[in-house]
Each structure stands twice: as structure tokens, then as C-alpha cells.
Amino acid sequence: MNRSRLAAGLCLVGAALLAQSCSEKYRNVESVPQEASPVPQLTREPYPQNMTPTSVDILWRTDIPAATQLSVTNLETGFIKQSFSSVPTTKHEISIVGLEPDTTYSYKIGDIFSHLYETPEYTFTTFPDSVPESFEFVAYGDHRNNPTAH
């Protein structure tokens, strides 16, 4: 028998004995209960911003810092994109790129580590690839300085 095989065999035997010794030593040790982490609550529901035909930013806020994930599903194909923000924060923003123009997507937010919360599904539709020559819109503002007028 060559020396390397003998050494490998001795290492395996030693590892097995160590594992058995450790399991016997800690067999009767009670586990210490861990405190439950607080579950982040949304203080601002998620909303799309800076949309283009192929990308969108989703923003939201939580009451305590949390690492989160965003799942975006193409409602026509069922294809799911996931993006993660592993740095705990209360002001969240995740950009999703590579979307299809003029396509409806659903999205939801969840907690990466504890998986204790998940929002309902929301939807958005990306802009068309081409912009129409003209369009109309209405802009309305409310300074809340005369609520009886409304």
C-alpha cells in the first residue's frame, strides 16, 4: 500500500471518529431559542417609475431595513425575472431591464432572508416600441390648501 492511500485512509478514519465524538458530546445540549426577527411592513406600496419600452424601476419603502427580492412575471409567456437587493434598507429601488415593449407584467416584493412577507401582485404595461405622433393627457395637482373647493 502506498503512503498517500494510507494517509487518506487514516484521515477518513480520524474524521469519522471526530464526528462521532462531537455528536456524542453535544447530543444532550438543548438548543438556544432564537429571537424572531421583526417582519418588515410596507410604508409605501411598490410602484413603477422611469419606464421605457424595455425597462422599469420599481420603488417601495419599508418601516425597518430589509433585504428584499422583486419577482416580475411576463403575463403572456409566464417568464419570471427575479432581482435581489441584499443590502438592508428602508428605501428600495430595483431596476428591471430586458423587458418586452407593450407587454403587461405582474410583480411582487418579498423578503430575501426570512421569507416572512410577500406583497400581493401588482401589474404594469411597458411602453410601446414606437411613440405615437401625438397624444393627450390631463395633469392635476392638489396643494391641499383649500379642500372644500374639491
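A residue is called buried under 20% relative accessible area, exposed over 50%, and partly exposed in between (1.4 Å probe, protein chains only). Asn-50 counts as partly exposed because its relative accessible area is 48%. This is a predicted model, in which local features need pLDDT of at least 70 and side-chain atom pairs count only at pLDDT 80 or more, while totals for chains, interfaces and linings use all residues. Residues are numbered from 1 along each chain as its sequence is written, and side-chain values use heavy atoms, with hydrogens and water left out.

Asn-50 lies in the loop between strand E1 (42-49) and E2, where strands are DSSP runs of at least two residues, numbered from the N terminus. E1 and E2 run antiparallel and are joined by five bridges; two strands pair if DSSP finds at least two bridges between them. In this hairpin, which has five residues between the strands, Asn-50 takes a positive phi near 55 degrees.

Contact means heavy atoms within 4.5 Å, and a polar contact is a pair of N or O atoms within 3.5 Å, of which, within protein, one must be able to donate a hydrogen and the other to accept it, and residues adjacent in sequence count only if both atoms are side-chain atoms. Leaving out residues up to four places away in sequence, Asn-50 touches Ser-55, Val-56 and Asp-57.

| Pair | Kind of distance | Value |
|---|---|---|
| Asn-50 and Asp-57 | side-chain polar contact | 3.0 Å |
| Asn-50 and Ser-95 | C-alpha to C-alpha | 9.2 Å |

Val-56, apart from its neighbours within four places in sequence, is in contact with residues including Asn-50, Ser-95 and Phe-124.

Methods. Helix = DSSP H or I, 4+ residues; strand = E, 2+ residues; numbered from the N terminus.
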